[in-house]
Amino acid sequence: MSVPPGAEPTLWELHRAVSQLREDLRGDLAQLAARLDHVVTEDVYRADQRVVEQRIGQVEAGLTALRSEHEQVVERSAQQRREDQAQAAATRRLVISSFVSPLLVMTLQLWLASHGSAS
């Protein structure tokens with residue numbers, strides 16, 4: 001129903017328009033309230049960010065400590081390997097000298113004995 005250009009709206013039409021505006025406003029406010037339930041204040045957000053940064057700092061410090069410990073373990077194992085190799089070389093020299101030296105001495109004695117009795 002269209003209203004003629006010079007006609008004034010009736011009270012009932014004004015009431016219906018205001019009621020419709022009120023319902024629209026209630027719906028919009030309800031949507032806004034629902035969205036505000038998910039929003040935090042800036043202070044809470046900053047506090048949460050500080051906690052996250054502290055946790056990250058602790059994790060980084062832990063990783064640095066683990067890396068340092070790993071490097072120490074690797075260095076100790078390399079040092080142990082070098083010591084084991086040196087010990088193995090010393091053992092080989094000892095075995096060689098304990099078996100080869102008597103053989104050389106015995107060979108020398110046999111040679112001396114064979115040349116000494118031939119004269």
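Helices here are DSSP runs of H or I, at least four residues long, numbered from the N terminus. The model shown is predicted.

**Figure 1. Overall view of the predicted chain.** The secondary structure comes to two helices and zero strands. The radius of gyration is 49 Å, well over the 14 Å that the globule rule gives for 119 residues, so the protein is more spread out than a compact globule. Along the principal axes, the C-alpha trace spans about 160 × 30 × 15 Å. Helix α1 covers residues 11-36. Helix α2 covers residues 42-118. Of the 119 residues, 1% are buried. The accessible surface amounts to about 11100 Å². Carbon and sulfur atoms account for 62% of that surface.

Figure 2. Glu42 is partly exposed, at 49% relative accessibility. Arg46 is also partly exposed, at 46%.

**Figure 3. Glu23 and Arg26 in helix α1.** A salt bridge joins these two side chains at 3.3 Å, N to O. Both residues lie in helix α1. The spacing is three residues, about one turn of the helix. Glu23 has a relative accessible area of 47%, so this residue counts as partly exposed.

**Figure 4. Arg82 and Glu75.** The two side chains meet in a salt bridge of 3.3 Å, N to O. Arg82 has 42% relative accessibility and is therefore partly exposed. Glu75 is partly exposed too, at 46%. In total, the model has three salt bridges.

**Figure 5. Charged side chains across the protein.** Side chains of opposite charge can pair when their charged atoms come close. The protein carries 13 positive and 16 negative side chains. The centres of these two sets lie 11 Å apart.

**Figure 6. A nonpolar surface patch that includes the loop residue Val39**. Five residues make the patch: Leu25, Leu29, Leu32, Leu36 and Val39. Its area is about 480 Å². Val39 is placed in the loop between α1 and α2. Exposed means over 50% relative accessible area. Val39 reaches 53%, so this residue counts as exposed.

Key
Residues numbered from 1 in each chain as written. Predicted model: local features only at pLDDT ≥ 70, side-chain atom pairs only at ≥ 80, totals over all residues. Heavy atoms only, no water. Salt bridge = Lys/Arg side-chain N within 4 Å of Asp/Glu carboxyl O. Buried < 20%, exposed > 50% of the residue type's maximum accessible area, 1.4 Å probe, protein only. Patch = residues over 30% accessible without salt bridge, like charges linked within 9 Å, V, L, I, M, F, W, Y side chains within 5 Å. Areas by Shrake-Rupley, 256 points an atom, 1.4 Å probe, with all protein chains shown as cover. Rg over C-alpha atoms; globule rule 2.2 N^0.38 Å. Lys, Arg positive; Asp, Glu negative; His and termini not counted. Charge placed at Lys NZ, Arg CZ, Asp CG, Glu CD.
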